[in-house]
Amino acid sequence: MILNVHNICMSFDGKDILSGGSFHIENNEKAAIVGINGAGKTTLLRIIIGELSPDEGEVTFSKDVTWGYLAQNQNITSENTIYEELAEVKRDVIDLEQNIRDAEEQMKHVSGQELENLMDRYTRMNDEFQRLSGYAWQSEVTGVAKGLGFLDEELSKKINTLSGGQKTRVALGKLLLQKPDLIILDEPTNHLDMTSIRWLENYLLNYKGAVLIVSHDRYFLDKIAGKIIEVENKKITSFTGNYSAYAVKKEQLRATEWNAYIKQQAEIKHQEEVIAKLKSFNREKSIKRAESREKMLDKIEVLDKPITIDDRMKISLKPSCESGNDVLDAEGLSKSFGNEHLFSGLNFSIKKGEHVAIIGDNGTGKTTLLKIINGIETLDEGTINFGVKVHIGYYDQEHHVLHDEKTLFEEISDAYPTLNNTEIRNTLAAFLFTGDDVFKRIGDLSGGEKGRVSLAKLMLSDANFLILDEPTNHLDITSKEILETAISGYEGTVLYVSHDRYFINRTATRILDLTHGQMVNYIGNYDYYMEHVDEQMNRLFGVNGNLSNATLSAGTYKYADSENANSIANDDNETLSGNHSSTSFTSNVSASTQQTGALDWKAQKEAQAKKRKLEAALKKCEDEIAKLEARDSEINELLADPSIGTDLAKLRKLSDEQAEIGEKLSKLYDEWAGLQE
């Protein structure tokens with residue numbers, strides 16, 4: 001064990017933030033801290049690193065343990081270049097290397113005992129240099145810089161000229177190069193593109209040390225974390241497994257807690273009714289019985305009502321006006337800013353009902369493309385045509401649609417005067433604004449809260465074509481789940497730019513990858529994209545990333561889906577979007593290779609048959625889970641109905657049914673996990 005956090009309590013201005021929580025980190029363990037915005041995650045990190053002192057409890061590091069911390073925002077001031085700043089971490093190795101070179105030079109001019117002493121020192125320095133992997137320090141620095149998204153030509157940029165996001169990446173690079181026993185990261189993926197995030201995942205997975213992360217990136221957490229540390233309602237609780245495993249366990253725990261609470265409340269109500277009845281008899285014997293029951297009731301440890309976070313949308317997501325089947329058709333789009341060329345010859349189309357995600361590295365022009373579609377930016381070349389009855393709703397990262405001087409309630413009521421008080425409150429509640437929250441000023445909200453209000457307005461609009469620019473930025477996990485449910489259930493058309501792979505995986509029906517100034521189309525979600533991206537990049541751009549001859553005549557490659565992924569390369573349905581010119585493939589195969597291929601084909605068929613059988617079983621299991629979860633939600637709504645609360649028989653029946661559902665779901669979750677593996 002390298003870190004022990006014991007019974008931490010913390011309050012600010014009389015308000016409890018953390019009230020007792022413990023966890024520990026083992027050698028080489030990868031753990032993540034999760035919780036809604038404002039739960040106290042960053043406060044907990046600041047207590048761990050010693051920036052804050054807890055009111056109670058203690059933080060203990062093992063002897064000689066080294067650690068490094070990356071805050072969300074960095075303000076590095078330095079005249080160094082990016083490369084020099086990163087290399088400074090290796091100063092001891094650089095100085096040692098220089099001392100070795102100096103010793104080599106000195107040995108040319110000394111003799112006798114002085115030479116022997118110098119050679120002994122030279123040997124010790126070389127041994128230390130090798131122990132520190134001194135010969136690899138330059139490639140290590142360059143590798144980390146490139147991994148975090150810095151291009152070769154950017155390494156000579158001065159630190160003082162960088163943006164806040166670039167400075168944070170430099171700080172992250174320095175921390176990784178220091179290689180402490182424990183790396184502590186607060187939202188490390190905020191300023192990274194997808195390529196850099198994937199690189200960081202692999203780096204941390206293979207890191208010979210422990211990692212503690214605060215992050216809202218669930219895909220990242222699924223890849224990295226083996227332990228989830230939850231901060232909720234001032235309590236700290238540890239769960240074994242990645243984020244998805246935690247989410248399942250948490251749902252089960254909430255259901256168990258709710259069932260226990262409902263049963264206890266029903267029993268308390270029953271006892272109170274019996275006590276009242278006994279007292280109404282007004283006889284000494286019945287009064288004594290009533291008093292006896294009251295004493296028993298007083299001894300009951302009353303359970304707190306479980307905190308329930310409503311992450312399911314309760315508003316209609318069907319556009320008031322349907323568009324035609326053709327929503328958008330883009331041909332030959334080109335855009336540059338001065339000497340900075342973003343893309344050229346882009347061709348793509350969007351059909352009604354599609355949920356399309358645009359992905360790509362930072363600086364490829366994704367947000368610019370959305371602004372062009374929305375009429376905010378102009379095109380250099382090309383045309384964009386919208387279909388009939390297409391009404392655009394645009395969500396930008398700056399939330400220009402909001403008015404800082406208004407309250408949340410006014411923001412919605414002024415924009416949609418036909419909504420009544422209840423409808424406005426229900427809409428805001430669906431985005432986690434309840435009670436007096438609706439009277440907060442927009443100007444006093446956090447970035448994530450403003451994002452939720454913007455999305456609420458957008459979902460209420462007459463738009464049938466939503467264009468979203470990084471909609472999950474600044475949202476906590478619960479808010480992201482709300483948005484995912486909203487987008488997944490939205491019957492209109494959606495086009496969005498996002499780096500959130502978990503969000504893309506749950507909401508996208510198609511992915512457009514803006515890369516090498518071109519658009520590559522994948523018919524599927526993010527997992528599908530990951531399965532096929534390497535194959536596509538090699539075919540379209542070659543091993544060295546150059547555009548292949550097959551694609552020089554068009555801006556976009558249309559990636560046609562196929563039931564058999566292995567046959568995609570020879571599928572004549574794969575055409576170049578815009579020109580629709582077919583691509584053929586030829587190869588010379590020897591007889592032995594053909595025979596091996598036949599055996600491989602047979603093995604593939606058997607594997608595919610087994611996979612289909614497992615997928616069918618998985619589908620059946622998921623359908624049963626969905627059915628039971630739906631009924632469980634119905635029961636929760638019924639239990640919240642005041643008329644049911646007075647019907648004890650009905651209450652007990654529903655409570656028993658819910659308990660039975662909980663047991664069935666527990667078994668189904670285990671079955672589902674086994675099938676997934």
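Predicted model: local features only at pLDDT ≥ 70, side-chain atom pairs only at ≥ 80, totals over all residues.
**Entry: overall figures**

I began with the totals. I counted 20 helices and 21 strands in the protein. The chain has 677 residues, and 44% of them are buried. The accessible surface is about 35,000 Å². Carbon and sulfur atoms account for 47% of that surface. I then took the contacts between residues at least 6 apart in sequence. Of these, 68% join residues at least 24 apart.

**Entry: the open sheet**

Next I traced a sheet. I found 6 strands in an open sheet with mixed pairing. Their order is β6-β7-β8-β4-β9-β10. Which strands are at the edges? I noted β6 (67-70) and β10 (235-240), each of which pairs on one side only. Neighbouring strands of this sheet are turned against each other by 15 degrees on average, direction ignored.

Strand β6 pairs with β7 (residues 182-186) in the parallel sense. I read 4 bridges for this pair. Leu-70 stands opposite Leu-185 in β7.

**Entry: helix α1 on the sheet**

I then asked what α1 lies across. The helix lies across β4 (30-34), β6, β7, β8 (210-214), β9 (227-232) and β10. Its direction is at about 150 degrees to β7.

How many residues of α1 are buried? I found 6 of the 8 in the helix, which spans residues 41-48, so I wrote it down as mostly covered. The buried ones are Lys-41, Thr-43, Leu-44, Leu-45, Ile-47 and Ile-48. I noted that a lysine, Lys-41, is on that list. Just after α1, Gly-50 takes a positive phi of about 90 degrees.

**Entry: the β1-β2 hairpin**

I went back towards the start of the chain. Strand β1 (residues 3-12) pairs with β2 (residues 15-19) in the antiparallel sense, over 4 bridges. Phe-12 has Lys-15 in β2 as its bridge partner. The hairpin has 2 residues between the strands. I checked Asp-13 in this hairpin and read a positive phi near 50 degrees.

I kept a separate page for backbone angles. Most residues other than glycine have a negative phi.

Ser-133 is one, with a positive phi near 55 degrees. I placed Ser-133 in the loop between α4 (112-131) and α5 (137-147). Its relative accessible area is 42%, so I logged Ser-133 as partly exposed.

Lys-234 is another, with a positive phi of about 75 degrees. I found Lys-234 in the loop between β9 and β10. Lys-234 has a relative accessible area of 30%, so this residue too is partly exposed.

**Entry: aromatic rings**

I turned to the rings. A pair of aromatic rings is described by the distance of the centres and the angle of the planes. I counted 13 aromatic pairs. Why is the pair of Tyr-203 and Tyr-207 stacked? I read 6.1 Å between the ring centres and 25 degrees between the planes. Planes under 30 degrees apart count as stacked, so the pair qualifies. Both Tyr-203 and Tyr-207 are buried.

I returned to the pair I opened with. Phe-239 and Tyr-246 are edge-to-face, with 5.1 Å from centre to centre and 70 degrees between the planes. I also marked one aromatic cluster, formed by Tyr-219, Tyr-522, Tyr-526 and Tyr-529.

**Entry: charges over rings**

I looked for arginines over rings. The charged end of Arg-169 sits over the ring of Phe-150, 4.4 Å from the ring centre. Arg-452 lies over the face of Phe-433, also at 4.4 Å from the ring centre.

**Entry: Glu-272**

My last stop was Glu-272. I located Glu-272 in helix α9 (residues 243-281). With a relative accessible area of 45%, Glu-272 is partly exposed. How far apart are Glu-272 and Leu-297 in space? I read 8.5 Å from C-alpha to C-alpha. In sequence Glu-272 and Leu-297 are 25 residues apart.

Note on methods:
Residues numbered from 1 in each chain as written. Heavy atoms only, no water. Buried < 20%, exposed > 50% of the residue type's maximum accessible area, 1.4 Å probe, protein only. Contact = heavy atoms within 4.5 Å. Areas by Shrake-Rupley, 256 points an atom, 1.4 Å probe, with all protein chains shown as cover. Phe/Tyr/Trp six-rings, centres within 6.5 Å; stacked < 30°, edge-to-face > 60°. Lys NZ or Arg CZ within 6 Å of the ring centre and 35° of its normal. Pairing = 2+ DSSP bridges. Axes fitted to C-alpha atoms, helices over the stretch in contact; angles between N-to-C directions.
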